[in-house]
Amino acid sequence: MKADDLQALKDAALTDACAAQTVEDLEKIRVKHLGRKGLLPEIMKSLKDADPAERPAIGRIANELKQELASLLESRRAAFQAQTACQTQAFDDTLPGQWRPLGTRHPISQIIEEAVRIFATLGFTVADGPDIETEYYNFDALNTPGNHPSRDTQDTFWLESGELLRTQTSPVQIRVMEEQKPPVRIIAPGRCYRRDTTDATHSSNFHQIEGLYVDRDVSMADLKSDISYFARQMMGPDVKVRFRPHFFPFTEPSVEYDFSCHVCGGKPALAGRGCRLCKNSGWIEISGAGMVNPKVFEKVGYDPETTTGYAFGMGVERIAMVKYSIQDIRLLYDNDIRFLRQLSG
Ligand code: DAH
């Protein structure tokens with residue numbers, strides 16, 4: 001073997017290694033040149049027969065062949081393996097997509113949105129007020145002074161500043177009337193707070209929708225027809241509404257009103273073993289209403305002689321419970337998606 005021939009062999013081996021397409025090709029080249037029965041051991045064996053003048057050059061080229069080829073084969077093998085790893089991780093558009101759970105609108109939000117839509121058809125717009133109220137707006141301006149017994153049923157969370165978490169959405173009535181002259185036609189949905197012990201029908205945090213209609217010649221007939229219209233739109237054409245005399249300091253006369261029970265259709269006797277939702281009464285209390293007390297008009301600077309108006313509250317949870325036959329208010333706050341998904345709308 002001559003040094004030139006060996007150089008040519010080395011160049012060919014390196015070129016082959018560069019051209020290899022697979023890991024198997026690389027292995028074949030390695031066995032052919034560097035394997036135990038490969039060309040390189042043979043060349044080393046025949047070194048003793050070579051021209052002594054050429055021996056050093058042959059030895060050097062043989063060494064270079066061994067090292068350069070081994071390192072080239074190794075780096076190309078690593079490159080092939082990295083590529084295969086990438087290919088197995090590559091995006092496969094035939095795989096099913098990743099499932100991300102979609103949220104649903106909470107039943108409380110659904111009722112509020114539906115109520116806003118229904119009252120909009122009667123010309124009502126939406127007003128807003130703060131959850132942290134002053135004693136004046138929450139009580140005094142609503143004709144409920146500090147010594148009034150009806151404050152007892154509305155104990156709430158007081159802040160060190162003397163403010164409180166509002167017990168009702170009624171203070172929004174005052175805020176709106178202070179800001180604008182009659183006619184006023186607003187609803188005010190929002191969160192309310194009371195120091196109530198939580199049970200199946202009570203929660204210290206709940207929602208109301210306030211309504212206020214002020215103009216000339218507003219009468220109790222308007223109140224009854226508008227609430228009845230709302231009830232039919234919200235609950236369906238068969239719902240019945242009943243008004244019972246009641247007392248609220250900021251309305252005179254005042255009523256409480258009930259919807260017929262959605263579960264037993266107002267006929268608990270026909271509902272098998274009776275109706276748990278309405279506790280066999282056939283009716284669900286929704287909230288209070290009445291004709292705005294002239295003393296409230298005085299507080300906001302309206303003329304109590306010429307101004308008339310009705311106001312109402314609505315318990316959003318109550319409506320949700322009747323509409324969806326929910327027997328425990330706590331289900332509305334547990335955030336259990338197995339429950340919420342059943343009511344998705
Ligand atoms: N704010 C009352 C409550 O939470 C409900 C209410 C009664 C609202 C009569 C009214 C009303 O606007 O006129 O018990």
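**Close-up views of a predicted model**

**View 1. Tyr 257 and its contacts.** Tyr 257 touches Ile 227, Arg 242, Phe 243, Ile 284, Glu 285, Ile 286, Ser 287, Gly 288, Ala 289, Phe 312, Gly 313 and Met 314, where residues up to four places away in sequence are not counted and contact means heavy atoms within 4.5 Å. The model is predicted, so that local features need pLDDT of at least 70 and side-chain atom pairs count only at pLDDT 80 or more, while totals for chains, interfaces and linings use all residues. Residues are numbered from 1 along each chain as its sequence is written, and side-chain values use heavy atoms, with hydrogens and water left out.

**View 2. The largest nonpolar core.** This core has 45 residues, of which Phe 230, Tyr 257, Phe 259, Phe 312 and Met 314 touch the most other members. Two or more residues come to this core from each of H5, strand E5 (205-215), H8, E7, E8, E9, H10 and helix H11 (337-340); helices (H or I, at least four residues) and strands (E, at least two) are DSSP runs, numbered from the N terminus. Another core lies apart from it and has 20 residues, including Leu 142, Phe 250, Tyr 302 and Ala 311. A nonpolar core is a set of buried Ala, Val, Leu, Ile, Met, Phe, Trp, Tyr and Cys residues joined through side-chain atoms within 4.5 Å, and buried means under 20% relative accessible area, exposed over 50%, and partly exposed in between (1.4 Å probe, protein chains only).

**View 3. Helix H8, its ends and its cover.** Helix H8 (residues 220-235) has 16 residues, which at 1.5 Å a residue should span 22 Å, and its end C-alpha atoms are 22 Å apart, in agreement with that value; the expected span is 1.5 Å times one less than the number of residues. At the N-terminal end, Ser 219 caps H8, with a side-chain oxygen 3.1 Å from the backbone nitrogen of Ala 221, and just after H8 Gly 236 takes a positive phi of about 115°. Leu 223, Asp 226, Ile 227, Ser 228, Phe 230, Ala 231, Met 234 and Met 235 are the buried residues of H8. Among the elements that cover them are helix H5 (107-120), strand E6 (241-248), strand E7 (251-260), strand E8 (283-292), strand E9 (308-312) and helix H10 (316-324).

View 4. The peptide bond from Pro 182 to Pro 183 is cis, with omega near 0°, and Pro 183 is found in the loop between helix H7 (171-179) and strand E4 (184-193). The bond from Glu 252 to Pro 253 is likewise cis, with omega near 0°, but Pro 253 is found in strand E7. In the loop between E7 and E8, Lys 279 has a positive phi near 50° although this residue is not glycine, and Lys 279 is exposed, with a relative accessible area of 63%. Asn 280, placed in the loop between E7 and E8, has a positive phi near 65° and counts as partly exposed at 46% relative accessibility.

**View 5. Surroundings of the ligand.** The ligand is surrounded by 17 residues, and the closest are Gln 168, Ser 170, Arg 194, Gln 208 and Glu 210; a residue is counted if one of its heavy atoms lies within 4 Å. A nitrogen atom of the ligand is 3.0 Å from an N or O atom in the side chain of Ser 170, whereas an oxygen atom of the ligand is 3.0 Å from an N or O atom in the side chain of Gln 173. A polar side-chain atom of Arg 194 lies 2.8 Å from an oxygen atom of the ligand.

Key:
Polar contact = N/O pair within 3.5 Å; in protein donor to acceptor, adjacent residues only side chain to side chain.
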